[in-house]
Protein chains: 2
Amino acid sequence: MMSYCIISYGLRQRQEPARYTASVTERNPLLRLTTRDFVCDLHVLFFCLSAYKWMHGELKGNVLLQYLAWVTYPMILVMFASLFCHLVSPQAIGSGIPELKTILRGVVLKEYLTLKAFVAKVVGLTAGLGSGMPVGKEGPFVHIASICAAVLSQFISIFSGAYEKGTHNQDLLVCACAVGVATCFAAPVGGVLFSIEVTSTYFAVRNYWRGYFAATFSAFIFRVLSVWNKDAVTITALFKTNFRMDFPFDLQELPAFAIIGISCGFLGAFFVYLNRQVVLFMRRPTALTRFLTKHRLIYPGAVTLIIATLTFPPGFGQFMAGELMPRECINSLFDNFTWTKISGLSAPPGLGRSSAWLHPHVSVFVILLLFCVMKFWMSALSTTMPIPSGAFMPVFILGAAFGRLVGEIMATLFPNGILFDGIVYRILPGGYAVIGAAAMTGAVTHTVSTAVICFELTGQISHILPMMVAVILANMVAQGLQPSLYDSIIQVKKLPYLPELALGHISKYNIFVEDIMVRKVKFLSSQSTYRELNHLLETASLKTIPLVDSKESMILLGSIERTELQAVFDWWLSPERRVYERGPSSPGQGSKRRYCASLIHRAHSQQRDTQSIQINHLKLCTLLVHLSCDSLMQIKAWEEEELDKPIDMEQIRIDPSPFQLVERTSLHKTHTLFSLLGLSHAYVTSIGKLVGVVALKEVKSYFFPLFSFMCVSLSPRLVSSRDAAWRRAAMISCCGQLVLVTGCITLRFTRLFH
Amino acid sequence: MMSYCIISYGLRQRQEPARYTASVTERNPLLRLTTRDFVCDLHVLFFCLSAYKWMHGELKGNVLLQYLAWVTYPMILVMFASLFCHLVSPQAIGSGIPELKTILRGVVLKEYLTLKAFVAKVVGLTAGLGSGMPVGKEGPFVHIASICAAVLSQFISIFSGAYEKGTHNQDLLVCACAVGVATCFAAPVGGVLFSIEVTSTYFAVRNYWRGYFAATFSAFIFRVLSVWNKDAVTITALFKTNFRMDFPFDLQELPAFAIIGISCGFLGAFFVYLNRQVVLFMRRPTALTRFLTKHRLIYPGAVTLIIATLTFPPGFGQFMAGELMPRECINSLFDNFTWTKISGLSAPPGLGRSSAWLHPHVSVFVILLLFCVMKFWMSALSTTMPIPSGAFMPVFILGAAFGRLVGEIMATLFPNGILFDGIVYRILPGGYAVIGAAAMTGAVTHTVSTAVICFELTGQISHILPMMVAVILANMVAQGLQPSLYDSIIQVKKLPYLPELALGHISKYNIFVEDIMVRKVKFLSSQSTYRELNHLLETASLKTIPLVDSKESMILLGSIERTELQAVFDWWLSPERRVYERGPSSPGQGSKRRYCASLIHRAHSQQRDTQSIQINHLKLCTLLVHLSCDSLMQIKAWEEEELDKPIDMEQIRIDPSPFQLVERTSLHKTHTLFSLLGLSHAYVTSIGKLVGVVALKEVKSYFFPLFSFMCVSLSPRLVSSRDAAWRRAAMISCCGQLVLVTGCITLRFTRLFH
C-alpha cells in the first residue's frame with residue numbers, strides 16, 4: 001500500500017483527470033453490469049422455479065411420477081451446478097465472503113477474482129437457486145460484484161495505468177461488496193453496513209460515501225427494472241409487510257422479543273457449529289470421503305435427494321410446508337394473519353400461499369416446529385454442497401419460522417390481544433417473524449446490520465427498537481459461543497487471515513518482535529552481482545527484497561520489488577543489450593544468432609514452464625544446426641562475464657522506506673500495525689541494521705498456533721465481550737433492564753385495573 | 001497509542017477482569033446518566049416552551065404587552081445561557097462536534113471534556129432551546145455524552161488504572177458520540193452512522209458493535225421514559241408520519257425528488273458559507289466587534305430581539321407561521337394534508353397546528369417561501385450566538401419547508417394526482433418534506449446517514465430510494481462547493497485537525513520527510529546529567545523526549561514521557577532522598593532543616609506559580625531566622641552536586657519503539673500514517689541515527705499552508721469527487737439515469753392511454 005504511493009507518483013501526476021473520469025464510467029458500468037446480470041439471473045431463476053412447480057402440478061394424480069419429478073429436477077440442477085463449477089472454476093464454490101474478507105485484509109488469493117470464476121458463479125448460482133434447495137445468494141452476489149469490480153479495474157488500468165494495484169483496488173472491492181448485498185436485498189443502507197461489518201476491521205470512512213453511491217444506484221435500478229417488468233406497481237420493498245403502525249407492539253411483549261433474541265443466539269451458534277462439523281467430516285480422510293471426493297457428483301446428488309424426498313408435499317412435506325419455495329416462505333411467514341386463529345375454520349380471503357402452513361389434522365405449532373428442526377439441518381447440510389451458495393437466506397427463513405412460532409404461541413397465550421386505552425390490539429405474529437429473522441441472521445454472521453436489512457426488506461421500521469434489542473442479545477450469545485459463519489469457513493479453509501486479538505493474548509505485550517522474527521533474511525547489497533541476483537530470484541519467493549548497504553554493515557537502505565528485479569535481470573542478459581554492447585557481428589548470421597540467444601534466454605527465464613521449454617528446445621535444435629558452435633559459446637561466455645558485474649542500483653526503483661520495526665516492538669503493537677496498515681511483512685532493524693523480517697505468517701502462527709476454535713471465535717466486534725465476566729455482566733444488565741421494564745408495566749396495569 | 005500498549009502491559013495483565021467488568025457498569029451508567037439528563041432537560045424545555053406560549057396566549061388582546069412578552073422571554077433565556085456559559089465554561093459554547101472530531105483525531109483539547117463544561121452545556125442548552133430560537137441540540141448532545149464518557153472513564157481509571165489514556169478512551173468517545181445522536185433523535189442506527197461519518201476518518205469496526213449497543217439502549221430508555229410519562233402510548237417514532245404504504249410515490253415524481261436534492265445541495269452550501277461569513281465578520285477587529293466583545297450580552301440579545309420581532313405572530317410572523325415552535329413545525333410540515341387544497345375552505349378535522357400555515361389572504365406558497373427565506377438567515381445567524389447550539393434541527397426544518405414547497409407545487413401541477421391501475425393516487429407533499437429535510441441536513445453536514453435518521457424519526461421507510469438519491473445528489477453539489485459545517489467551524493476556530501489529502505496534493509509524493517522535519521531535536525543521551533534534564537524540562541514543552549545512545553552517535557534508543565522524567569527529577573532532589581542519602585543530622589535542628597529544604601525545593605519546582613512562591617518565601621524567611629546559614633548552603637551544595645550526576649536510566653520506563661520514519665519517507669505516506677494511527681509526532685532516523693522530528697504541526701502546515709477555504713473543503717468522504725471532472729461526469733450520469741427513467745415512464749404512459 002505504502003510503496004505504491006511512492007512508486008506510482010510519476011504516473012499519477014500525469015493521469016489524474018483521466019483516472020477519475022474513468023472511475024465514474026467504471027463505477028456505473030459496474031452497477032449496470034452487476035444489476036443486469038442479477039436481473040437476468042433472477043429471470044432464469046424465476047423460470048426454473050415456475051417450471052418446477054408447473055411440473056409438480058401437472059402430474060397431480062400420479063404420486064410416483066410426481067415424486068420422481070420433484071426429486072429429479074433439483075438433483076439435475078444441483079449436479080449440473082456442481083459439475084459446471086468443478087470444470088470451469090472451483091473457486092466459485094461456496095459463499096465467497098470469507099475469501100473476500102481475506103483479500104480485503106491485503107492477501108492476494110489467486111484465481112478468485114477472474115472472469116472464469118464469474119461465469120462459474122453466475123451459472124452455478126442460477127442453477128443452485130433454481131433447484132429450490134435451501135441455499136442463499138448474498139455471498140455469491142458479493143463475489144460476483146467483486147469480480148466485476150476487479151475485472152473492470154484491470155480493464156481500466158490498461159488505459160490509465162494507475163489502478164494497477166494499491167488501495168484503490170481495495171476501495172473498489174469494498175464498494176463492490178456493498179453493491180452485492182444491496183442488489184441481493186434491494187437494501188442500500190443495510191447492504192453498505194453489512195458489507196462493512198462482515199469484511200472490514202478498520203474502515204476508511206471515505207468508502208462509506210462511495211458505497212452508498214454505488215449501492216443506492218444498484219438497488220434503484222434493480223427495483224426500477226422490476227417495475228418495468230410489471231412485477232411491482234412502483235418502487236417498494238422486496239418482502240413488503242403491512243403491520244399496523246399506530247401501535248406496532250406493546251411494552252409487555254418486550255420479554256418475548258428478548259427471548260427470541262437469546263434463543264436465536266444459541267440456535268445461530270449451533271448452526272455454525274453444525275455446518276463446520278459437516279465440512280470437517282467431509283475433509284477427514286476416511287474411505288467414505290475418499291470415495292465422495294473421487295465421485296464428485298454423488299455428495300450433492302445425495303444431499304439433494306434426501307432434502308427433496310423429505311420436502312415432497314404429498315409426503316412428509318405436508319407437515320413442514322414443503323411446497324413453499326424460499327421466497328413464498330418468507331412472504332407467508334411475514335403475513336398479517338394469526339394462523340392459530342384460522343386453523344380449523346375456512347381460510348379467510350387473501351391468505352394465499354400461507355395456507356400451506358395450515359394442515360387439517362396437525363396443529364400450526366407442530367408444523368412450525370417441524371419446519372424449524374428439519375430446515376435447520378437441511379440448511380446446514382445444503383450450504384456445504386460444492387455449489388455457489390450463501391447461508392444468509394436459509395438462516396433468514398429459519399429465524400423467521402422460529403420467530404413466527406414464538407409469535408403464534410404469544411397469540412395463543414394472549415388470545416384477546418392487548419387492551420390499551422379501550423382498544424384491543426391483537427398480537428402480530430408476523431412482527432415476531434421479522435424480529436426472529438433479523439436475530440438469527442445476526443447471530444450467524446455476527447452482525448447487527450441485519451436489522452437494517454430487515455427494515456429495508458419489509459419496508460417497515462416500526463419494530464426498530466425491539467428488533468435492535470433482539471439482534472444485540474443474539475449477537476452477544478452467539479459471539480460468546482462460536483465464531484461467525486464466515487470466520488468459521490476462513491478457519492476451516494485455512495485462509496491467511498489475521499484475526500483480532502483476544503484478551504487471552506494480553507501476555508503478548510511482553511513478547512517482542514525479536515522473539516518471532518526470521519533472522520535469516522535474503523537480501524541484496526549495493527555490491528551484489530547479477531549472479532547473486534539470479535540466485536536470489538531462483539531461490540526466494542519473496543515479493544519484495546531488502547537492499548542493504550553492504551554484507552558487513554547490513555544497514556537497510558530500502559526494498560525492491562521482485563518484478564522490478566526480474567525485469568532488470570532479464571534486460572541485463574537480453575540479446576538486445578548484448579548486441580548493443582558487442583556491436584553487430586557478421587551480417588548474415590547476426591539475426592539468427594540473436595534469435596537463438598533469445599530462445600536460450602527465454603528458456604532460462606521460464607524454467608518452470610516445461611512445455612514452453614520443450615517447444616523452445618525444439619526450435620533451438622533446428623537453429624543450432626545453422627549456427628557455428630563457437631558463436632553459442634561466445635554468448636555463454638558473455639553471459640557469464642556479465643553475470644559477475646555488480647548491479648547498477650541507479651537504474652532500479654527502490655522504496656526508500658519499507659515498513660520497519662525494531663527488535664523491542666511488542667508483539668501486540670506488531671499485530672495492531674499489521675491489521676491497521678494491512679501489511680504482509682515488515683523488516684526488523686537494530687540501529688539501522690537489518691536483523692530480521694516478520695511476515696504475516698509468523699505473526700499469525702504465533703498468535704494462533706493451534707487449530708483451535710476458540711481463537712477464531714474472537715470476532716472483531718466483541719473484543720470486549722469475549723471476557724466471560726463482561727458477557728455475564730452485560731447479560732445481567734440487559735435482563736435487569738428488561739425485568740425493570742416488565743415490572744413497571746405490570747405496575748402500571750395493576751393501577752389501571754384498580 | 002502505541003507507547004501505551006507497552007508501558008501499561010504490566011498494569012493490564014493484572015487488571016483485565018476488573019477493567020472489563022467495569023466497562024459494563026460504566027457503559028450503562030453512561031447511558032442512564034445521559035438519557036436521564038436529556039429527559040430532565042426535555043422536561044424543563046417543555047415547561048419553558050409551554051410557559052412561553054401560555055404567556056403569549058394569556059395576553060391576547062393587548063398587542064403591545066403580547067409583543068413585549070414574546071420578545072423579552074427568549075431574550076432573557078438566551079442572555080442567561082450566554083452569561084452562564086461565559087462564566088462557567090466558555091468551552092460549552094457552540095456545537096461541540098468540531099472539537100470532538102479534533103479530539104478523536106488524537107489531539108488533546110484541554111477543558112473540553114470537564115464537568116464544568118458539562119454543567120454549562122446542559123444549563124445553557126436548556127435555556128437556549130427553551131427560548132424557541134432556531135438552534136439545534138444534536139451537537140450539544142454529542143458533547144454532553146462525550147463528557148459523560150470522559151468523566152466516567154477518568155472515574156473508573158482511579159480503580160483500575162488502565163483507562164488512563166490510549167485507544168480505549170477513544171473507543172468510549174466514539175460510542176458516546178453515537179449515544180448523543182441516538183438520544184437526540186431516538187434513532188439508534190442513524191445515530192451510530194451519523195457519528196461515524198461526522199467524526200471519523202478511519203473507523204474500527206469493533207466500535208460499531210459497541211456503538212449500536214450503547215445507542216440502542218439509550219434510545220430505548222429515552223422512548224420508554226416517554227411512554228411512562230404518558231407522552232406516547234407505546235414505543236414509536238419521534239415525528240411519526242402516516243403516509244400510505246401501498247403506493248408511496250410514482251416513478252414520475254422522481255425528477256422532482258432529484259430537483260429537491262440538487263437545490264438542497266446549493267442551499268446547504270450557501271448556508272455553510274453564510275454561517276462562516278457571520279462568524280468571520282464577528283472575528284474581524286473592527287470598532288463594532290470590539291464593542292460587542294466587550295459587552296458580551298449585546299450580540300445574542302440583539303440577534304434574539306430581531307428574530308423574535310420578525311416571528312411575532314400578530315405581526316410579520318403571521319406570514320411565516322411564526323407561532324410554531326420547532327417541533328410543531330416539523331410535525332405540521334410532515335402531515336398528511338395537501339395545504340393548497342384546503343386553503344380557502346374550512347379546515348378539515350385533525351389539521352391541528354398545521355393551520356398556522358394557512359393565511360386567509362396569503363397563498364400557502366408565499367408563506368412557505370417567506371418561511372424558507374427568513375428562517376434561512378435566522379438559522380445561520382442564531383447558530384453563531386455564544387450559547388450551546390447545534391445547527392442540525394434548524395437546517396432540518398429549513399429542508400422540510402423547502403421540500404414541502406416543492407411538494408405543494410407538484411400537488412398544484414398535478415391536481416388530480418397520478419392515475420395508476422384505475423386508482424387515483426394523490427401526491428403527498430409531506431413525503432417531499434421528509435426528503436427535503438434529509439437532503440438539506442445531508443448537504444450541510446456532508447453525510448448520507450441523515451436519510452437513515454429521517455426513517456427512524458418518521459417511522460416510515462417507504463421513501464427510501466428517492467430519499468437516498470436526493471441525499472446523494474445534495475451531497476455531491478454541496479461537497480463540491482463548500483466544506484461541511486463542522487469542517488468550516490474547525491477551520492474558523494483553527495483547531496489542530498489534519499484534513500484528508502486532496503488531489504491537488506499529489507505532488508507531495510515526491511517531497512520527503514527530510515524536507516519538512518525539524519532538525520534541531522531536543523533529546524537526552526544515556527550520559528545526560530540531571531542538570532541537563534532540568535534544563536530540558538524547563539525549556540522544552542514536548543510530551544515525549546527522545547533518548548539517544550550518545551551525543552556523538554545519536555542512535556535512537558527510545559522515547560521517554562515527560563511526566564516520567566519530571567517525576568524522576570523531582571524525586572532526585574527531594575528532601576526525602578537527601579535525608580536518606582546524607583543520614584540524619586543533629587536531632588534538634590533536623591526537622592526544621594528538612595522542612596526548610598522542602599520549601600526551597602518546592603519553590604524551585606513550582607517556579608511559575610508566583611503566588612505559592614511568595615507564600616513559601618514568607619514561610620521560608622521566618623524559618624531561616626532559626627536556621628544556621630551554613631546549613632542552607634549545605635543543601636544548595638548537595639543539590640548542585642547531585643545535579644551533575646548522570647541520570648540512572650535503569651529506573652526510567654522507556655518506550656523502546658517510538659514511531660520512526662526515515663528521511664526518504666514521502667510526505668504522502670507520512671500523512672497517511674499520521675491519519676491512520678492518530679500520531680502526534682514521529683522521529684526521523686537515518687541508519688538508526690536520530691536526525692529530526694516531525695510533528696502534526698509540520699505536516700499540517702506543509703499541506704495546508706494558507707488559510708484557504710478550498711483546503712478544508714476537502715472532506716474525507718468525497719476524495720474522489722473533488723475533481724471537477726469526476727463531479728461533472730457523476731452528475732451527468734445521474735441526470736442521465738433520471739432522464740432515462742422519466743423517458744421510459746412517459747413512454748409507458750403514452751402506451752397506456754393509446
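A:Glu642 touches A:Tyr530, A:Trp572, A:Leu573 and A:Arg577, leaving out residues up to four places away in sequence (contact means heavy atoms within 4.5 Å). This is a predicted model, in which local features need pLDDT of at least 70 and side-chain atom pairs count only at pLDDT 80 or more, while totals for chains, interfaces and linings use all residues. Residues are numbered from 1 along each chain as its sequence is written, and side-chain values use heavy atoms, without hydrogens and water.

Helix H27 of chain A (residues 629–643) holds A:Glu642; helices are DSSP runs of H or I with at least four residues, numbered from the N terminus. With a relative accessible area of 2%, A:Glu642 is buried (buried is under 20%, exposed over 50%, partly exposed in between, with a 1.4 Å probe and protein chains only). Its side chain and that of A:Lys645 are joined by a polar contact of 2.9 Å, that is, a pair of N or O atoms within 3.5 Å, where within protein one must be able to donate a hydrogen and the other to accept it, and residues adjacent in sequence count only if both atoms are side-chain atoms.

Beyond its neighbours within four places in sequence, A:Trp357 is in contact with several residues, among them A:Trp339 and A:Phe371.

On the outside, A:Leu413 of helix H16 (residues 392–413) in chain A is exposed, at 60% relative accessible area.

Definitions and conventions
Chains lettered and ligands numbered in written order. Helix = DSSP H or I, 4+ residues; strand = E, 2+ residues; numbered from the N terminus.
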